[in-house]
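Subject: Structure handover

Hello,

Please find the structure below. My notes on it follow.

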Amino acid sequence: ALFSHATEGPCNTPKPGVFDLINKAKWDAWNALGSLPKETARQNYVDLVSGLSSSSDSSSQVKPEADRKQPGYETLVVTSEDSITKIMMNRPAKKNAMTTQMYNEIMLALKAASKDDSAITVLTGNGDYYSSGNDLSNFTDIPPEGIEEKAKSSAILLRDFVDCFIDFPKPLIAVVNGPAVGISVTILGLFDTVYASNRATFHTPFSHLGQSPEGCSSYTFPKIMGPAKAAEMLIFGKKLTAAEACAQGLVTEVFPDSTFQKEVWTRLKAYSKLPPNAMRISKQVIRNREKEKLHAINAEESRVLQERWLSDECTNAVMNFLTRKAKL
Ligand SMILES: CCCCC/C=C/CC(=O)SCCNC(=O)CCNC(=O)[C@H](O)C(C)(C)COP(=O)(O)OP(=O)(O)OC[C@H]1O[C@@H](n2cnc3c(N)ncnc32)[C@H](O)[C@@H]1OP(=O)(O)O
C-alpha cells in the first residue's frame, strides 16, 4: 500500500471483486491511506523496509542448537523446531552404539514427542554413523543375580523399546546419515519414511553374532522386500547399500551425501506444515490394523533373543568383539 501510494498517490483503481482476495486486501490497505501526502508515504515505506531488514538481521541470531536442546538427555540431543521434534543419537565416538541408557532415553523422547505440539518426529544420528546397533558392552554389565537375569531384563527392555515404535502416533521419519547396523536397521520397518544418505549401509549380522532378528523385522522385512531378500539380510547378514535398500523398499529415497541434510530438512519442513491431525489419522488408518500382530511378534522375537543371549554362539561373538578379535 505504501509503495503504491508513494509512487501513484491516493488509491485510484476500481475495487477488486469479493473473491479476488489478494488484490482486494492490497486495494483495502492502499485505500485506507486516504489522502496521505506522497512524500509521507515514501518515508513510511522506507522506515518500514529498514525495520524489516534490521529484524531479519536479528533473526540470523537464531539460538544455537545447544541452547534449543531439551534438557535431561545424556545420550541424545532432542530439539523441537518448525513443528519437527528431532531425536539425534549422540555418541559419535562410539558410532552411536545403543547403551541401556540410550534405549531408555529414546523411549522417553518418543513418549514426550507423542504429546508435544510437533507434527512429525525424526530419528537420526550425530557423526559418521547412523548407529552401530546394540552396544555390545551392554552384555558385560551382569547383575549379582547372574546372566539369566541379565538376559531377562534385556528382553524386557527390548520389548518395551520396540513397543514404543509400534505405538508411536505421529509420522516417524528416519534420517539415516551413515551406516546402520543391527537394531537401528530392524526398527526401520516401523517407520513411516526412511531417507538415506548414499553413504549409508544397512547391515543385520545376527547369525554372525549368534543372535536372531528383532524390531519386528522377522515380519516387516519379508513383507517389505519379499521372503528371499529378507532371508539374505536377516539369516545371512548381507549388507545392503542405500541404493539396494531403496530398490527393496526399506528406504524411501536416497540423497547424495553432499546435499543430504539440506535436501532432507527442506522436504521435512514442508511436510511439517501439513495439517497435523490429518497426518496422524492417516498414519492410524495405515498402521492400526497391524498393531496387535506387531506387539505379538515383538514379544516372540524378544523371548527367542533372551535364549540366544545365553548361547555359546552369542557369548563367543560378543567376547571376540570386546577383546578386539572381531569387527563386522
Ligand atoms: C536391551 C538389549 C537390546 C538388544 C537388541 C539387539 C540388537 C542386535 C544388534 O544391534 S546386533 C549389532 C551389534 N553391533 C555390532 O556388532 C557392531 C560392532 N561394531 C563394529 O563392528 C565396528 O565398531 C564398526 C564396524 C561398527 C565400526 O568400525 P570402525 O573401525 O569404523 O570403528 P571402531 O570399531 O573403531 O569404533 C569406534 C569405537 O566405537 C566402539 N563401538 C562401535 N560400535 C560398537 C558397538 N555396537 N558396541 C560397542 N562398542 C562399539 C568401538 O569399540 C570403538 O571404541 P573404542 O574407540 O573405545 O575402541
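**What I found**

P14 sits in the loop between helix 1 (2-8) and helix 2 (21-31). Helices here are DSSP runs of H or I with at least four residues, strands are DSSP runs of E with at least two, and both are numbered from the N terminus. P14 is exposed, since 7 other C-beta atoms lie within 10 Å. The cut-offs: buried takes 20 or more other C-beta atoms within 10 Å of a residue's own, exposed takes 12 or fewer, and partly exposed lies in between, with C-beta atoms placed from the backbone. P14 and K24 are 10 residues apart along the chain, and their C-alpha atoms are separated by 10.0 Å.

Two points on the source. Residue numbers start from 1 along each chain, as its sequence is written. The model is predicted, so local features need pLDDT of at least 70 and side-chain atom pairs count only at pLDDT 80 or more, while totals for chains, interfaces and linings use all residues.

**Helix 6**

Helix 6 covers residues 147-167. Its 21 residues should span 30 Å at 1.5 Å a residue, and the end C-alpha atoms are 30 Å apart, which agrees. (The expected span is 1.5 Å times one less than the number of residues.) S154, A155, L158, F161, V162 and F165 of helix 6 are buried. Seen down the axis, these buried residues of helix 6 fall within an arc of 135 degrees, so they line one face. (The arc is taken over the directions from the helix axis to the C-beta atoms.) E149 and I156 are exposed, on the face of helix 6 turned away from the buried side. The cover over the buried residues includes helix 5 (100-115) and helix 12. Contact means that the C-beta atoms of two residues, placed from the backbone, lie within 7 Å.

W309 belongs to the loop between helix 12 (276-308) and helix 13 (312-322). It counts as buried because it has 24 C-beta neighbours inside 10 Å. Leaving out residues up to four places away in sequence, W309 touches A151, S154 and C314.

**Helix 11**

Helix 11 (residues 260-271) has 12 residues, which at 1.5 Å a residue should span 16 Å; its end C-alpha atoms are 17 Å apart, which agrees. F260, V264 and L268 of helix 11 are buried. They cover an arc of only 35 degrees around the axis, which puts them on the same side of helix 11. An α-helix has 3.6 residues a turn, so residues three or four places apart point the same way. K262, T266 and A270 are exposed, on the face of helix 11 turned away from its buried side. The cover over the buried residues of helix 11 includes strand 2 (84-89), strand 3 (120-125), strand 4 (172-176), strand 6 (193-197) and strand 9 (253-255).

**Strands**

Strand 6 is largely enclosed by the rest of the structure, because four of its five residues are buried. Strand 4 pairs with strand 6 in the parallel sense over four bridges. (Two strands pair if DSSP finds at least two bridges between them.) A174 stands opposite V194 in strand 6. Strand 6 and strand 9 also run parallel, joined by three bridges. There, A196 stands opposite V254 in strand 9.

An open sheet of three strands has the order 5-7-8, with mixed pairing. Strand 5 (180-181) and strand 8 (240-241) are at the edges with a single partner strand each, so one side of each has no neighbour in the sheet. Strand 5 and strand 7 (residues 201-203) run parallel and are joined by two bridges. V181 stands opposite H203 in strand 7.

**Two positive phi values**

K95 is not a glycine, yet its phi is positive, at about 55 degrees. K95 lies in the loop between strand 2 and helix 5. K95 is buried, with 20 other C-beta atoms within 10 Å. C216 also has a positive phi, near 70 degrees. C216 is in the loop between strand 7 and helix 8 (217-225). C216 is buried, with 26 other C-beta atoms within 10 Å.

**The ligand**

Which residues come nearest the ligand? Of the 23 around it, they are A97, S132, G133, N134 and G182. (Near means a C-beta atom, placed from the backbone, within 6 Å.) Helix 6 gives the largest share of the shell, three residues.

Best wishes
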